[in-house]
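Visitor: I would like a walk through this structure. Let us take it one question at a time.

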Amino acid sequence: AAAAATASQTTPTPDIVDLDANITNTGDVVGTLQYMAPEQFCGEYDVRSDIYCLGLTLYELLTLQPAHQGKNRSGLMHKVTQGIPTAPRRIDPAIPSDLETIILKAISREPSHRYQNSAELRDDLQRFLEDRPILARRTNPLQLAWRWCHRNKTLASAVGIAVLATLALTYVGWASYAREAERGAEMQAVN
């Protein structure tokens, strides 16, 4: 009986917990932000979101750092949805370029630019391991510019207008200079 009395005295009583604090509310983001695909922040999810997560895992295994880092939750969400991860070979030049290409395809911000299923990713990784040509292709600078313009339509329009205005002003200035030079040559010929 004494042992039972001692046990009841040493057994801690559970604290009262605010149960509402652990309930997920409608609209809350659920998951590890660093590994969430950008489309998940809009409530969209399919197998390509899993491909993205696998790509991030491979990225981190190779570079020993996460693809997206932020000082706070909103900063991290912005990096995931808008940022471009540093290319793995910039972090570690020893990473083979084909493997980098596979990873960058897997973590492409646009789901349509990723592997469409796990079999495609598996097959490309197998090709890489067998030293065969991979199917993934690097994104060239023109494609990168097009994608940037598509994502940032307002800014791209403003830059386009500024470039056209600069070209127009350059042409007008050059044409005016050429006309003045021609007049000067005519005046000199007359004298």
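Visitor: Are H5 and H6 roughly parallel or roughly antiparallel to each other?

Guide: This is a predicted model. The axes of H5, residues 97-106, and H6, residues 118-129, come within 10 Å. They cross at roughly 175 degrees. Angles over 145 count as roughly antiparallel, so H5 and H6 are roughly antiparallel.

Visitor: Which residues make the contact of H5 with H6?

Guide: The residues of this contact divide into five nonpolar, no polar and two charged. From H6 come Leu121, Asp124, Leu125 and Phe128. From H5 come Asp98, Leu99 and Ile102.

Visitor: Which helices do the buried residues of H5 pack against?

Guide: The buried residues of H5 are Leu99, Glu100, Thr101, Ile102, Ile103 and Ala106. Leu99 and Ile102 also belong to the contact with H6. The buried residues of H5 pack against H2 (47-63), H4 (88-91) and H6.

Visitor: Turn to leucine 125. Is leucine 125 buried, partly exposed or exposed?

Guide: Leucine 125 lies in helix H6. Its relative accessibility is 23%. Buried requires under 20% and exposed over 50%, so leucine 125 counts as partly exposed.

Visitor: Which residues is leucine 125 in contact with, leaving aside its neighbours within four places in sequence?

Guide: Leu125 is one of the H6 residues in the contact with H5. Its partners include Leu99 and Ile102, and Leu58 is also among them.

Visitor: How many Å apart in space are leucine 125 and aspartate 98, C-alpha to C-alpha?

Guide: Along the sequence, leucine 125 and aspartate 98 are 27 residues apart. Both residues are part of the contact of H5 with H6. From C-alpha to C-alpha, leucine 125 and aspartate 98 are 9.3 Å apart.

Visitor: Is leucine 129 buried or exposed?

Guide: Leucine 129 is also placed in helix H6. At 65% relative accessibility, leucine 129 counts as exposed.

Visitor: Which residues is arginine 127 in contact with, leaving aside its neighbours within four places in sequence?

Guide: Arginine 127 is found in helix H6. At 16% relative accessibility, arginine 127 counts as buried. Beyond its sequence neighbours within four places, arginine 127 is in contact with Arg132, Pro133, Ile134 and Leu135.

Visitor: Now the backbone. Where is leucine 64 found?

Guide: Phi of leucine 64 is near 65 degrees, a positive value in a residue other than glycine. Leucine 64 is exposed, with a relative accessible area of 74%. Its place is the loop between H2 and H3.

Visitor: What is phi of aspartate 131 near?

Guide: Aspartate 131 is in the loop between H6 and H7. At 74% relative accessibility, aspartate 131 counts as exposed. Its phi is positive in a residue other than glycine, near 60 degrees.

Visitor: Which elements give two or more residues to the lining of the second largest pocket?

Guide: The second largest pocket is lined by 11 residues. Pro38, Thr81, Gln82, Arg109 and Glu110 lie nearest its centre. The elements giving two or more lining residues are helix H3 (73-82) and helix H7 (141-151).

Visitor: How many residues of the lining of the second largest pocket are charged?

Guide: About 170 Å³ of space lies in the second largest pocket. Its lining residues divide into four nonpolar and three polar, with the others charged. The charged residues number four.

Visitor: Step back to the whole protein chain. How many helices and strands are there?

Guide: From the N terminus on, the elements run α-α-α-α-α-α-α-α. Among contacts between residues at least 6 apart in sequence, 57% join residues at least 24 apart. The protein chain has eight helices and zero strands.

Visitor: What percentage of the residues in the protein chain is buried?

Guide: Buried means under 20% relative accessible area. The protein chain has 191 residues. Buried residues make up 21%.

Conventions:
Residues numbered from 1 in each chain as written. Predicted model: local features only at pLDDT ≥ 70, side-chain atom pairs only at ≥ 80, totals over all residues. Heavy atoms only, no water. 1 Å grid on protein atoms, 1.4 Å probe; cavity = no way out; pocket = protein on both sides within 12 Å on 5 of 7 lines; lining within 4 Å. Points joined across faces, edges and corners; volume = space filled by probe spheres on them. Helix = DSSP H or I, 4+ residues; strand = E, 2+ residues; numbered from the N terminus. Nonpolar A, V, L, I, M, F, W, Y, C, P; charged D, E, K, R; others polar. Axes fitted to C-alpha atoms, helices over the stretch in contact; angles between N-to-C directions. Parallel < 35°, antiparallel > 145°, perpendicular 65-115°, else oblique. Contact = heavy atoms within 4.5 Å. Buried < 20%, exposed > 50% of the residue type's maximum accessible area, 1.4 Å probe, protein only.
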